[in-house]
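Here is my note on this entry, for someone opening it for the first time. Please read the points with the model in view.

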Amino acid sequence: MPEQSKQKNVKFDFTKKELEYILENANFTEEQEQIFKMLTSKQGRQSIVCISFSMNMSESTVKRRIKQIKNKILRLL
């Protein structure tokens, strides 16, 4: 499967055990970890707009960070 197809298939819908594994092994930066937690929150996944507002960064930066997060998750699989 091409790399781009894999990236598009990464969803942020994980079990508690999977979340723990990813957080322990993905080697996220603090910023990436914060975004990942916002995307996988029990209260519901936050939108890119909400994340960019909360973290005081542009939407394009948030999208770039999400792409980095997806790449790190794919390396674990």
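1. Start where H4 meets H5. On the H4 side the contact uses Ile48, Val49, Ile51 and Ser52, and on the H5 side Glu59, Val62, Lys63 and Ile66. The two helices pack at an angle of about 105°, with their axes 9 Å apart. That makes H4 roughly perpendicular to H5, because angles of 65 to 115 degrees count as such. Keep in mind that this is a predicted model.

2. Stay with H4 for its buried side. Ile51, Ser52 and Met55 are buried in this helix. Seen down the axis of H4, these buried residues fall within an arc of 95°, so they line one face of the helix. They pack against H3 and H5. Ile51 and Ser52 also take part in the meeting with H5 described above.

3. Asn56 follows the helix, and its phi is positive, near 55°. Asn56 is not a glycine, despite that positive phi. Its place is the loop between H4 and H5. Asn56 has a relative accessible area of 72%, so it is exposed.

4. Asn27 lies in the loop between H2 and H3. Its phi is also positive, about 60°, and Asn27 is not a glycine either. With a relative accessible area of 64%, Asn27 counts as exposed, because the cut-off for that term is over 50%.

5. Step back to the whole chain. How many helices and strands does the protein chain have? There are five helices and zero strands. From the N terminus on, the elements run α-α-α-α-α. The protein chain has 77 residues, and buried ones make up 34% of them. It exposes about 5700 Å², of which carbon and sulfur atoms supply 48%. Take the contacts between residues at least 6 apart in sequence: 55% of these join residues at least 24 apart.

6. H3 spans residues 30-39. Which of its residues are buried? They are Gln32, Ile35, Phe36, Met38 and Leu39. Seen down the axis of H3, they fall within an arc of 160°, so they line one face of the helix. Their cover includes helix H2 (16-25), helix H4 (48-55) and helix H5 (59-76).

7. Take the H3 and H5 pair next. Their axes come within 10 Å and cross at roughly 90°. H3 is therefore roughly perpendicular to H5. From H3, the contact is made by Glu31, Gln32, Ile35, Phe36 and Leu39. From H5, it is made by Arg65, Ile66, Gln68, Ile69, Lys72 and Ile73.

8. H2 and H3 are arranged in another way. Their axes come within 11 Å and cross at roughly 170°. The two helices are therefore roughly antiparallel to each other, because angles over 145 degrees count as such. Leu19, Ile22 and Leu23 of H2 make the contact with Glu33, Phe36 and Lys37 of H3. Phe36 also belongs to the H3 side of the contact with H5.

9. Follow Ile73 as an example. Leaving out residues up to four places away in sequence, Ile73 touches Phe12, Phe14, Ile22, Phe28 and Phe36.

10. Finish with Arg45, in the loop between H3 and H4. Is Arg45 buried or exposed? Its relative accessibility is 57%, so Arg45 counts as exposed. Even so, Arg45 has contacts to check. Not counting residues up to four places away in sequence, Arg45 touches Phe12, Met38 and Leu39. Met38 and Leu39 are among the buried residues of H3. Phe12 is 33 residues from Arg45 in sequence, and their C-alpha atoms are 8.2 Å apart in space.

Conventions. Residues numbered from 1 in each chain as written. Predicted model: local features only at pLDDT ≥ 70, side-chain atom pairs only at ≥ 80, totals over all residues. Heavy atoms only, no water. Buried < 20%, exposed > 50% of the residue type's maximum accessible area, 1.4 Å probe, protein only. Helix = DSSP H or I, 4+ residues; strand = E, 2+ residues; numbered from the N terminus. Arc of directions from axis to C-beta. Contact = heavy atoms within 4.5 Å. Areas by Shrake-Rupley, 256 points an atom, 1.4 Å probe, with all protein chains shown as cover. Axes fitted to C-alpha atoms, helices over the stretch in contact; angles between N-to-C directions. Parallel < 35°, antiparallel > 145°, perpendicular 65-115°, else oblique.
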